[in-house]
Amino acid sequence: MAKSKDGQNKKKIKISTVLIFFFCCIVAFTMLVPFVWMVSASFKLNSEIFSYPVKWIPEVFRTLNYEKVWQSIPFLQYFLNTLKLAVIITLLQLFTCSLAAFAFTKLHFPGRDKIFVAYLATMMVPWHAIMIPQFIVVKTFGMYNTHLSLIVLQAFSAFGVFLLRQNMLSIPDSLHEAAKIDGCSTFGIYRKIILPLSQNGLATLTVLTFNSVWNDYMGPMIYLDSDRLKTIQLGLASFQQQFSADYGAIMAGTVCSVIPIIIVYCIGQKYIVEGVAFAGVKG
C-alpha cells in the first residue's frame, strides 16, 4: 500500500510539473512574440509590415531602416551618452548601496534600525512629489543640462540598499567576527568577505539599475536640454515625431536600443533568481 501511494504521489508530481512547464512555455511565447515581430519588422518595408498573413521571416532582409536611423539622427551620440550614464550610475549604486547595506547589516551603532526604516520610507514618496524641488536644487547648483545632474540624483537607491541588506543578512555573523579577531579592518571585511559572498545581490542590482537608467525617459527630458547630451530614449522619441509613419525605421531604432539590455541580462541572469530569493530569506 505504501509503495502504491508513493507511486501515485510521484505521478501527481510529474503531472503538475508538466502542467507548470506547459504554462511557462505559453507565457514565454506570449512575451517573445512582440519582440520577434519587432525584429522582423525592422527588416521590412512599410508595405510589408502589416501584410496579411504575417510573414515572420522577411523574404528579403533590408538594412535600409537601420541606415535611416543612424543617418537621420545622431544615434551613435545618443547611444554613447546613455551607455555612459548607465555604466557610471550602476557602478555608483553598487558602491553606495553595498556600503550602506553592510553598515545596516554588520555594524552596530545607535539608532541603526530606525535610520534604516526612515531611509526605507523614502521609497514610499512618489517621485512626482519631489520632482520640482529636485529641479530647483539641480538648477541652483548649476548642474542643469549636464550629465552630472542625472548621475548625482541616481547615485543612491533605497531599493538597492534594501535588496543588498536582505542578501547580506544570509551571511553568517561568525565570518565577520572571525575576520575581526584575525585583525582585518572593517573596510577589509567589507571588501574581502561581504562583497564576494553578495555577488547574487550585486548582479541583480546591476541588471535592474542598468535597465532602469537605460530606459529612463523623464529624467533626461527634465534635466537635459542640449541635443549633444540627450539619451537614446529622447532620440527615439524625436525620431518618432519626425518619421511617425515609418514603422520599419522605428522598429530598427528600438531593436538597437534593446540590444545592450539583452546583453547585460544574459550575463547576469543566473544570479538574478538567486539574488531575489535571498532578498526574502531574512529581515
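This passage describes the overall build of one protein and then one of its helices. The structure is a predicted model, in which local features require pLDDT of at least 70 and side-chain atom pairs count only at pLDDT 80 or more, while totals for chains, interfaces and linings use all residues. Residues are numbered from 1 along each chain as its sequence is written, and side-chain values use heavy atoms, with hydrogens and water left out.

The secondary structure consists of 14 helices and zero strands; helices (H or I, at least four residues) and strands (E, at least two) are DSSP runs, numbered from the N terminus. The radius of gyration, 24 Å, is well over the 19 Å given by the globule rule for 283 residues, so the protein is more spread out than a compact globule. This radius is taken over C-alpha atoms, and the globule rule is 2.2 Å times the number of residues to the power 0.38. Along the principal axes, the C-alpha trace spans about 75 × 70 × 35 Å.

Contacts are defined by heavy atoms within 4.5 Å. Of those between residues at least 6 apart in sequence, 76% join residues at least 24 apart.

Of the 283 residues, 37% count as buried, a term that denotes under 20% relative accessible area (1.4 Å probe, protein chains only). Helix α8, formed by residues 158–168, is mostly covered, with nine of its 11 residues buried. Among these buried residues of α8 are Val161, Leu163, Leu164 and Met168, and the set also includes Arg165, Gln166 and Asn167.

Definitions and conventions. Buried means under 20% relative accessible area, exposed over 50%, partly exposed in between (1.4 Å probe, protein chains only).
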